[in-house]
Amino acid sequence: MTKLINQHANLFKMKKLVIVLLLVTLLPLALADWFYNSENIVVNIDISGDAEIVQLTPSGYIESAAINLTFFPKQYDNQELLKLYTSPKAEISHDSLKFEWKNPEGKIDFIINAGVKITNVFPEIRQKISFPIEELSKDIVIYTKPSETINSENEDIISLANELVKGEDDLYAAVFKIAEWTKHNIEYNLSTLTAEVSQKASWVLQNRQGVCDELTSLFIALLRAVGIPARFISGISYTNSPLFKENWGAHGWAEVYFPGYGWVPFDVTYGQFGWVDPAHIKFKESVDSDEPSTYYNWLGRNADIKTRKLDIKTELIDKIGYSKTPLNIELSNLKNGISFGSYNLLTASIENLNDFYYATELHLSKPKEVKIAGDEQKSILLLPKEKKKVFWILKLDSNLDSRYSYIFPLLVSTSNNITSEISFTASIRERDV
């Protein structure tokens with residue numbers, strides 16, 4: 001579910017000495033901005049499910065059946081449950097809904113309708129927290145232990161985790177290094193077995209691919225391997241990626257425990273480190289990513305229940321206000337003009353204007369004629385009020401029309417769509433000045 005930015009380059013050829021402009025289409029960025037920076041969003045969620053009753057013999061029957069569902073929106077600190085309707089009427093506990101049927105025949109089904117308001121909250125960690133963590137309460141220690149899918153006891157996971165945080169004494173920096181490695185070294189791949197079967201963290205590390213659940217499982221396993229508490233969060237989120245037919249869909253991310261601050265969200269799939277956008281709607285907290293969300297049980301004779309996947313539909317009802325975390329980005333080129341086939345260096349000077357830690361992905365959008373030596377995306381962690389510089393080495397195609405001069409625009413954007421633009425010129429006559 002990684003964020004994708006549509007880029008289009010249009011070449012307008014004109015007469016000699018007229019500059020040709022290659023344009024990056026910025027409209028998709030502006031249209032998508034609401035789900036990063038709205039102060040609040042309100043959504044309507046419909047969840048439905050059914051199961052078929054199968055008679056194994058002509059005399060088979062089911063006397064009673066029940067479904068316990070834990071995958072549904074709940075009340076959290078930044079998430080308000082505006083309404084919750086169920087049919088048939090369910091028994092509601094803290095973290096589950098229980099549906100019951102007496103003497104059912106043919107098919108049993110249920111419907112949940114929920115209204116949810118999410119507040120955009122950026123966790124503000126203002127001071128260094130020492131790492132390794134020396135003391136944790138009993139209710140938190142469980143999130144440092146291996147589980148079935150998040151098998152943090154694996155030797156390869158332990159070895160990698162220790163290498164990634166070697167010499168680090170800042171908890172936020174340690175978590176960031178593990179998140180950054182996971183983001184840039186595990187391929188998000190819908191075509192693998194992981195799309196249907198949740199694979200263990202050790203499998204993901206060995207095969208270097210997976211979907212959101214697998215990326216998150218490995219991230220959590222690496223954290224737990226060095227004593228950092230982390231838990232699996234399941235819910236739904238919004239994406240504008242063309243990989244998906246629907247914008248809203250089931251999604252998994254992590255929460256990491258920071259002593260003195262509590263649980264802080266990290267979504268390695270989206271490149272959101274230490275925060276998530278308000279279009280993340282939380283349904284469930286789990287020790288393990290493969291923990292069942294729906295439990296069926298029944299009493300009967302010579303009969304079975306054939307279950308199906310949940311159907312979830314989400315609709316945006318309202319987006320309220322605008323809230324963007326202050327961050328200053330200034331771009332500069334080593335050379336204002338270059339010749340065809342030459343190199344240039346783009347520098348992004350990043351300033352954290354906040355008095356708390358800030359981590360983000362930086363994405364470089366550019367015309368197709370400009371190649372990048374290395375990654376288009378780079379991760380950066382900024383301490384309170386800190387300034388840093390990030391670099392991209394660029395190479396221009398040599399196969400451009402020598403009759404024309406060109407302007408090449410460049411756009412750098414963060415994970416929550418803070419942007420900055422610059423351009424450089426090119427022609428056969430340039431001497432790389």
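Rings of Phe, Tyr and Trp, the last taken by its six-membered ring, pair if their centres lie within 6.5 Å. The structure described here is a predicted model.

**Aromatic pairs**

Under this criterion, the count in the model is 23 aromatic pairs. In one of them, the ring centres of W34 and W248 are 6.5 Å apart and the planes meet at 45°, so the pair is classed as tilted. W34 belongs to helix α2 (residues 34–37) and W248 to strand β11 (residues 248–258); the pair therefore ties together parts that are 214 residues apart in sequence. W34 is buried, at 14% relative accessibility. W248 likewise counts as buried, with a relative accessible area of 14%. Both residues belong to a cluster that ring pairs form from W34, F35, Y36, Y238 and W248.

**Charges over rings**

| Charged residue | Ring | Distance to ring centre |
|---|---|---|
| R231 | W263 | 4.0 Å |
| K282 | Y76 | 4.3 Å |

R231 lies over the face of W263, and the charged end of K282 is placed over the ring of Y76.

**An open sheet**

The model also contains an open sheet of four strands, arranged in the order β5-β6-β3-β15 with antiparallel pairing. Its edge strands are β5 (91–92) and β15 (294–301), each of which pairs on one side only. Strand β5 is joined to strand β6 (residues 97–102) in the antiparallel sense over two bridges. Across this pairing, E91 stands opposite K98 in β6.

Conventions
Residues numbered from 1 in each chain as written. Predicted model: local features only at pLDDT ≥ 70, side-chain atom pairs only at ≥ 80, totals over all residues. Heavy atoms only, no water. Phe/Tyr/Trp six-rings, centres within 6.5 Å; stacked < 30°, edge-to-face > 60°. Buried < 20%, exposed > 50% of the residue type's maximum accessible area, 1.4 Å probe, protein only. Lys NZ or Arg CZ within 6 Å of the ring centre and 35° of its normal. Pairing = 2+ DSSP bridges.
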